[in-house]
Amino acid sequence: MQSLDVDGLQFDFPDDWLVGKYDEWSFYRNQFCRIKYGIKALDLLAIDPSKTAWLIEVKDYRVNSRTKPSDLSEEVVHKVFDTLSAMIPAKIHATGPIEKQLARAIATANNLRVVLHLEQPEKHSKLRPRAINPVDVKQKIRQLLKPIDAHPLVVDMTSGCVGWQVSL
């Protein structure tokens, strides 16, 4: 099992997957994000054995609630576009062998899938409201990213994931 920590959430992927924390890549941090102000990065990239590329954004609002749910889908879409636009240059110019290998795998994937892993407070309260309706966010992401992934996923720890496990 390959384990990656994203903001206190433990993502466990099978050993036959290729995975990485894109927002920590040297290529992203030291080269690509300097092209233009405002370039964003998804949290995780993964390739499963069927050559499906999983583009994963992680948001955990259990402690710090989000007050503007409408901005979330646009934020995810922005990160997907910026991340995908970095894959061709990364497969050529990344200096790290793992970064280069994952960029090549993403660039030659058979399928692209977008996943928003969204954690919110278990109980709705005035102090910690559940301001985001996952169905609404999923619908908006679907509308905006249909040419990339017509069936994006919005998941949490209780709904389960496709090919990996998430825990605290």
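Glu57 pairs with Lys59 in a salt bridge, with 3.4 Å between the closest N and O atoms. The model is a predicted one. Both partners sit out of solvent. Glu57 is buried, at a relative accessible area of 1%. Lys59 is also buried, at 13%. Lys59 forms a salt bridge with Glu75 as well, and here the closest N and O atoms are 2.5 Å apart. Glu75 belongs to helix α2 (residues 70-93) and Lys59 to strand β5 (residues 52-60), so this pair ties together parts that lie 16 residues apart in sequence. Glu75 is partly exposed, with 22% relative accessibility. A network of salt bridges links Glu57, Lys59, Glu75 and Lys79. Side chains of opposite charge can pair when their charged atoms come close.

In total, the structure contains six salt bridges. One of them joins Asp149 to Arg113, with the closest N and O atoms 3.2 Å apart. Asp149 is in the loop between α4 (134-145) and β7 (153-155), while Arg113 is in strand β6 (residues 111-119); the pair therefore ties together parts 36 residues apart in sequence. Asp149 and Arg113 are both buried.

The protein has four helices and eight strands. Their order along the sequence is β-β-β-α-β-β-α-α-β-α-β-β. The protein comprises 168 residues, and 45% of them are buried. Contacts between residues at least 6 apart in sequence were examined for their span. Of these contacts, 65% join residues at least 24 apart. The accessible surface amounts to about 9000 Å². Carbon and sulfur atoms account for 52% of that surface.

Tyr22 is placed in the loop between β3 (18-20) and α1 (26-30). This residue is buried, with a relative accessible area of 0%. Neighbours within four places in sequence aside, the contacts of Tyr22 include Tyr28 and Phe32. Tyr22 also touches a run of residues comprising Ala41, Leu42, Asp43, Leu44 and Leu45. Thr83, Ala86 and Met87 complete the list of its contacts. Leu45 lies 23 residues from Tyr22 along the chain, yet their C-alpha atoms are separated by 6.2 Å.

Most residues other than glycine have a negative phi. Asp7, which is not a glycine, has a positive phi of about 50°. Asp7 occupies the loop between β1 (2-6) and β2 (9-13). With a relative accessibility of 57%, Asp7 is exposed. Lys51 is likewise not a glycine, and its phi is positive, at about 70°. Lys51 is found in the loop between β4 and β5. Its relative accessible area is 36%, and Lys51 counts as partly exposed.

The mean pLDDT of the protein is 91. A score of at least 70 is reached by 89% of the residues. Strand β4 (residues 44-47) has the highest confidence, with a mean of 98. Strand β8 (residues 165-167) has the lowest, with a mean of 92.

Key: Residues numbered from 1 in each chain as written. Predicted model: local features only at pLDDT ≥ 70, side-chain atom pairs only at ≥ 80, totals over all residues. Heavy atoms only, no water. Salt bridge = Lys/Arg side-chain N within 4 Å of Asp/Glu carboxyl O. Buried < 20%, exposed > 50% of the residue type's maximum accessible area, 1.4 Å probe, protein only. Helix = DSSP H or I, 4+ residues; strand = E, 2+ residues; numbered from the N terminus. Contact = heavy atoms within 4.5 Å. Areas by Shrake-Rupley, 256 points an atom, 1.4 Å probe, with all protein chains shown as cover. pLDDT = per-residue confidence, 0-100.
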